[in-house]
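Hi,

Here is the structure for you to look over. My notes on what turned up in it follow below.

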Amino acid sequence: MSADRLRSPLGRALGLGSAKEGVEHWWLQRVTAVALVPLTLWFVAALIAHLGADHAVAVAWLRSPFTAVAMILLVVATFVHMALGLQVVIEDYVHHEATKIASLMLVRLACWALGAAALFAVLRVAFGS
Amino acid sequence: MTPASRPLSPHLQVYRWQITMVLSISHRATGLALSVGTLLLAWWLVALATGPQAFAVAQGFLGSWLGKLLLLGWTFSLFFHLANGIRHLFWDAGYGFENKTTTATGWAVVLASAALTVIAWVAGLAAMAG
């Protein structure tokens, strides 16, 4: 590890390298992936069980504490996983610097906006109005 | 500065197609498809929170032939990304890198995602009929 000898003690302890980032992106993508395995399977099964449900039935379903918490987890994990995944796709394929930065910002903001809308909808139904 | 025109390494089209490369790009493609699908998810949830009329519009669209087609694509994309994602998690843990294994797990992913899609739709159509 000759490169390591050239690092300051602080730089070695942080272990972040020139990108100033460690494994956060990679790790968060894995954590959300693992969370999404049971959550998406549950969601598909719940959707099938409530196909063609009218508004009152769907609201009653989403109001139950288990459903509400599971939906909050599903929405958060989905939009975080999606923001990280789309970021990598843009970084891989968009090489023009200005276009890349604009796309990265647009996609990240769109993920936040959609996620906030979905999360607010779940909370509004769960707490009644 | 314009780059010098040096010889490039062979691009994708010269290689023989293999299951591993098809699944690799399909993982990304289904990820993009699922991202588009989150628009449907957000719309459906917001409609549910808005009220019976907005919810009826959303349910009506999802029940139309176009809605069903999108849901079919969404179901397959979800199961594929899920199954292949689990394959990726095993690779992350250091397992399954042998050539034979990557091919076998690749076909297992194709079979699993097709089977899960069929099971979900049979269950769904049976629930609608019954």
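**Salt bridges and the interface**

Asp92(B) and Arg30(A) join their side chains in a salt bridge, 2.8 Å from N to O (a salt bridge is a side-chain nitrogen of Lys or Arg within 4 Å of a carboxyl oxygen of Asp or Glu). Asp92(B) sits in helix α3 (residues 65-92) of chain B and Arg30(A) in helix α3 of chain A, so this pair joins two chains. Helices here are DSSP runs of H or I with at least four residues, numbered from the N terminus.

Before the rest, the ground rules. This is a predicted model: local features need pLDDT of at least 70, side-chain atom pairs count only at pLDDT 80 or more, and totals for chains, interfaces and linings use all residues. Residues are numbered from 1 along each chain as its sequence is written, chains are lettered from A and ligands numbered from 1 in the order in which they are written, and side-chain values use heavy atoms, with hydrogens and water left out.

Over all chains, the structure holds 3 salt bridges. Across the interface of chain A and chain B the rule finds 2. Asp92(A) and Arg28(B) also pair by their side chains in a salt bridge, at 2.8 Å from N to O.

On the side of chain A that touches chain B, the elements giving two or more residues are α3 (24-49), α4, α5 and α6 (97-127) of chain A. By class, that side has 29 nonpolar, 5 polar and 4 charged residues (Ala, Val, Leu, Ile, Met, Phe, Trp, Tyr, Cys and Pro count as nonpolar, Asp, Glu, Lys and Arg as charged, the others, Gly among them, as polar).

In contact terms, 38 residues of chain A meet 30 residues of chain B (contact means heavy atoms within 4.5 Å). The area buried between the two chains is about 2700 Å², with 80% from carbon and sulfur atoms (accessible area, 1.4 Å probe, that two parts lose on being put together, summed over both). Val44(A), Ile48(A) and His55(A) supply 19% of what chain A buries against chain B, more than any other three residues.

**Inside chain A**

Helix α4 (residues 55-63) and helix α5 (residues 65-93) of chain A pack at about 80 degrees, their axes 5 Å apart (axes are lines fitted to C-alpha atoms over the stretch in contact; angles run from 0 to 180 degrees between N-to-C directions). That makes α4(A) roughly perpendicular to α5(A), a label for 65 to 115 degrees. The residues of this contact divide into 5 nonpolar, 1 polar and 1 charged.

Regards

Key:
Parallel < 35°, antiparallel > 145°, perpendicular 65-115°, else oblique.
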